[in-house]
Amino acid sequence: MTVETVNPATGQVEYRHELMTAAQVDAVLAASSQAFPAWSALSLAERGKVMRAVGAELRRRRDDIQRIMTAEMGKLRKEALAEVDKCAGACDYYADHAADYLQDQPVATDGQRSYVRYEPIGCVLAVMPWNFPIWQVFRFLAPAFMAGNVAVLKHASNVPRCADVIAEVLRAAGLPDGVFGVLHIDNDQAAEVIRDARVAAVTLTGSERAGRSVASNAGGQLKKSVMELGGSDAFIVLDDADLEKTVAGAVASRFGNAGQTCIAAKRFIVQDGIADEFVKRFVEAAAKLQLGDPQDDATTLAPMARQDLRDELHRQVQASVAKGAKVLLGGEPDPSHAGYPASILDAVAPGMPAYDEELFGPVASILRVKDDAEAVRVANDTTFGLGGSVWTKDVERGNRIARELQVGAAFVNAIVRSDVRLPFGGTKRSGFGRELAEHGIHEFMNIKSVYIA
């Protein structure tokens, strides 16, 4: 089967590739299985040397990788370069810190000696999305490799060259054959791979629907899985917020990557005393964003990755307007390309897609509340629980509210972002398990207790 990828900025077919046959998939899994014993037997210092070389190779090829990302999913040039740099930093971080995270942990018992040991489990299948096509992969790959695991990647169908360039980088950096493999397969083939005995665990970043399918399949095989799913993050503006900083944060969080990020601020929960002024400034700032060629540094709003995604977002906007939401900015796409203008909806209420669903694109929902208690109630009135932020001049007030948010990450006076030093993941329907930091490297390991009488 031939799969085409389309450049979202031009509408032109960018690349064609064939899905792999069953025999080709088997060869990738066989190579992974054969590579695991030798890779896991290497010392942490030896694996760390390879990971540092990977980081260096990413930096060397950052311009090439950027062009591929931008062509396949429309990411702004400057955002793509920053993504490559972040991946290189993650490789260095785990090379530096894995020894601390994986050392034996002594435990006081009645035995002569007791300790907890961390051991790799084998091949991890990664089902990854298109919105951060390099970072999402390295977010799991760097800790998994340093832990001694091997991996195979089923990437999103519209970013096949991103998958291939990752493999090229790893090969050039000296990663042994078989430690990483790319599977150009569809969802039905992926389900078969999950059931393959050579796959030990599964990690997915994607939609709630994809998470349900993959987690159910993995669970049916009694295989460990980590699910990083959707989000509808609250951006809480208290009545004492510094509006200049808050509006800048609002624009960055909602419209970065064309709004196509799970941890983007999507619901702007603003207290009445400051709401009118915040909304006025927010609209003025968002109106300055320029939708255009993502390779042009003058462009400040990227196109969406595909026209079908753009169309689905517009359906959600129209359905919300039909139920009473007011369009303050944007709301009408140009049918000639996959872009969607920076858009802001006011008077958003329960029962509207802009309130109840994740809007995966550059559309902000304004929800007005009277006090702190109502802000927390509205923020938690969602099936999602990925992240949330609070904006206030009173840091302790912000901290109190942050602690009440039902999310995996709560930020005060900063936009929610992934940081290799902090565990990343959600609660409720935003998934389970954690990536990054010490927690992330432990997810795909056998945590073994050793007791010596």
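Me: Which residues do ring pairs link into a cluster?
Reply: This is a predicted model, in which local features need pLDDT of at least 70 and side-chain atom pairs count only at pLDDT 80 or more, while totals for chains, interfaces and linings use all residues. Residues are numbered from 1 along each chain as its sequence is written, and side-chain values use heavy atoms, without hydrogens and water. Rings of Phe, Tyr and Trp (its six-membered ring) pair if their centres lie within 6.5 Å; planes under 30 degrees apart count as stacked, over 60 as edge-to-face and the rest as tilted. The cluster linked by such pairs consists of F235, F255, F268, F278, F282 and W391.

Me: How many aromatic pairs are there by this rule, and what is the pair of Y93 and Y94?
Reply: The count comes to 10 aromatic pairs. The ring centres of Y93 and Y94 are 5.3 Å apart and the planes stand at 85°, so this pair is edge-to-face.

Me: Is W130 buried or exposed?
Reply: Buried means under 20% relative accessible area, exposed over 50%, and partly exposed in between (1.4 Å probe, protein chains only). W130 has a relative accessible area of 11%, so W130 is buried.

Me: Over which ring does the charged end of K75 sit?
Reply: A charge sits over a ring if NZ of Lys or CZ of Arg is within 6 Å of the ring centre and within 35 degrees of the ring normal. For K75 the distance to the ring centre is 4.2 Å, and the ring is that of F132.
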